[in-house]
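Take a look at it first, and then we'll go through it piece by piece.

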Amino acid sequence: MFAKKTLPTIIAFVCGVTVVIAYFFNIPFIQARAQDILKWQSVIAVFALGLGAVNIIRIHVNNVQRSQNRNLYSLALLLTFAITILVGVFAGQNSDAYKFIFDYINVPTGSAIFSLLAFYIGTAAYRAFRAKNAEAAILLLTGCIVMLGRVPLGAKILPVSVPLTNWIMSVLNVGGQRGVMIAGAIGFIAVSLRIIVGLERRSYGGE
Amino acid sequence: MFMEGRIFDFSALAVITGLMGIFMHLARKGMKVSIRPIPGFEAIDEAVGRAAEMGKPLHFTPGFGGLVAATFAGLEVLGHVTKLTAKYDVRLIVTVSQPETFAVTEQVMRQAYLEAGKPEAFKPEDCRFISTDQWAYASGVIGVLFREQVASNIMIGQFAAEALILAEAGNTVGAIQIAGTTNAYQIPFFVVACDYVILGDEMFAAGAHFAENEFHLGSLRAEDIVKALCIGFMVAGALLTTAGSVALTTLMAK
């Protein structure tokens with residue numbers, strides 16, 4: 001019980017209070033300890049990454065062993081996983097082989113997934129822009145004005161769309177976003193304080 | 001002794017902490033704190049029920065963030081979802097993007113299965129670390145949604161540009177979707193692509209909503225009072241600035 005619940009609460013309290021004090025007060029000893037804590041955080045994250053790697057290997061080795069339909073994907077993942085680690089460890093992260101993996105495999109595949117966003121915005125907008133009720137109709141109207149105001153052709157078709165778009169974006173949009181941000185920040189502070197004083201116990205395995 | 005420009009910030013934190021302490025104490029003493037129903041939280045029963053009826057899994061992700069407050073709010077919801085899925089024998093698949101979040105997520109699931117009286121139902125392979133890379137995480141989650149043909153998809157936590165990609169993938173497989181984030185830029189994407197959206201700070205009410213924990217209820221009341229104070233400051237600031245006074249901005253810059 002002590003190691004599982006009380007000790008993590010004490011560690012969270014000491015680390016949290018130290019970092020908070022270091023943020024507000026110019027006390028060299030506390031500043032140095034806060035820097036140490038931030039370094040420990042990175043070290044702990046590296047250990048956790050090891051746990052994550054073990055999880056990935058376990059799941060995909062199981063898939064391969066069970067010979068399910070997905071075993072080819074799992075096999076590809078395990079192979080690329082092993083190759084990347086071997087190249088990184090033995091040839092180094094500055095080697096041509098490692099750079100090749102990063103520049104010609106990792107970056108393009110990441111960009112390909114990111115590019116899906118353009119299509120998904122189109123499909124999501126198609127569904128959202130159906131005037132089924134008053135709110136959807138307002139969204140449709142606002143969306144049309146903003147789309148017209150954001151493209152050069154729109155300004156030719158409906159010149160008033162440009163100042164209207166600027167007003168929608170800088171007044172209505174920013175107002176709403178700041179409301180969400182301020183309320184979110186207050187919630188962040190509340191959760192953080194509860195963690196520091198040990199009242200957010202679920203993550204330690206408590207109720 | 002104070003860091004330059006942080007006296008007001010410290011005073012504000014002291015006030016928030018004080019208010020939270022007072023209201024948590026009052027809530028423990030029996031002060032009635034009522035919270036309005038939040039449709040996104042209410043819909044979780046429906047999402048679990050749908051998965052049970054269809055005999056398909058439920059997918060949950062606490063997002064792309066590390067151990068930040070939004071992720072903790074997501075994990076609070078995960079605890080409740082895990083207990084429900086354990087109760088109705090629904091397979092729960094959780095995908096995580098950050099290693100430190102993965103370790104905590106696994107612990108939250110294990111504990112929730114234990115509390116539900118079914119510790120043996122927890123399968124470590126259903127709590128999946130995907131990748132710390134944003135797009136690898138997105139493609140990994142898309143893969144899980146499509147391959148497992150999930151009946152319900154719950155995304156509550158910290159999300160960035162991958163939000164719409166995940167939500168649209170969930171929509172494509174026909175899953176009922178509940179999403180929540182404090183990232184103001186991603187909320188519109190969730191609104192158009194999901195069935196229920198937990199807006200911004202509503203997600204921090206999870207503990208109070210599900211467990212009716214007195215600390216959470218007291219904290220929620222304190223948050224509401226702080227919000228009212230913020231609105232007061234904004235109105236006063238607007239009026240004073242319009243009148244040509246810089247008193248409030250000078251005070252806040254101290």
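Let's begin with charge: chain B carries 18 positive and 25 negative side chains. The centres of those two sets sit 4 Å apart. Keep in mind as you read on that this is a predicted model.

What else is there to see in chain B? Its fold holds ten helices and six strands. Follow the C-alpha trace along its principal axes and you'll find that chain B spans about 65 × 40 × 35 Å. The chain has 254 residues, and 54% of them count as buried.

Now think about who touches whom inside chain B. Take the contacts between residues at least 6 apart in sequence: 70% of these join residues at least 24 apart.

Next, over to chain A. This one is split into domain 1 (1-91), domain 2 (92-128) and domain 3 (133-195). Between the C-alpha centres of domain 2 of chain A and domain 3 of chain A there are 28 Å.

So where do the two chains come together? On one side, 66 residues of chain B are in contact, and on the other, 56 residues of chain A. The accessible area lost when parts come together is often used to give the size of an interface. Here chain B and chain A bury about 5400 Å² between them, and 71% of that is on carbon and sulfur atoms. Of the area that chain B buries against chain A, 10% comes from Phe72(B), Trp135(B) and Glu168(B), more than any other three residues supply.

Note on methods:
Residues are numbered from 1 along each chain as its sequence is written. Chains are lettered from A and ligands numbered from 1 in the order in which they are written. This is a predicted model: local features need pLDDT of at least 70, side-chain atom pairs count only at pLDDT 80 or more; totals for chains, interfaces and linings use all residues. Side-chain values use heavy atoms; hydrogens and water are left out. Helices (H or I, at least four residues) and strands (E, at least two) are DSSP runs, numbered from the N terminus. Buried means under 20% relative accessible area, exposed over 50%, partly exposed in between (1.4 Å probe, protein chains only). Contact means heavy atoms within 4.5 Å. Lys and Arg count as positive and Asp and Glu as negative; His and the chain ends are not counted. The place of a charge is taken as NZ of Lys, CZ of Arg, CG of Asp or CD of Glu. Domain bounds come from an automatic or database domain assignment. Buried area is the accessible area (1.4 Å probe) that two parts lose on being put together, summed over both.
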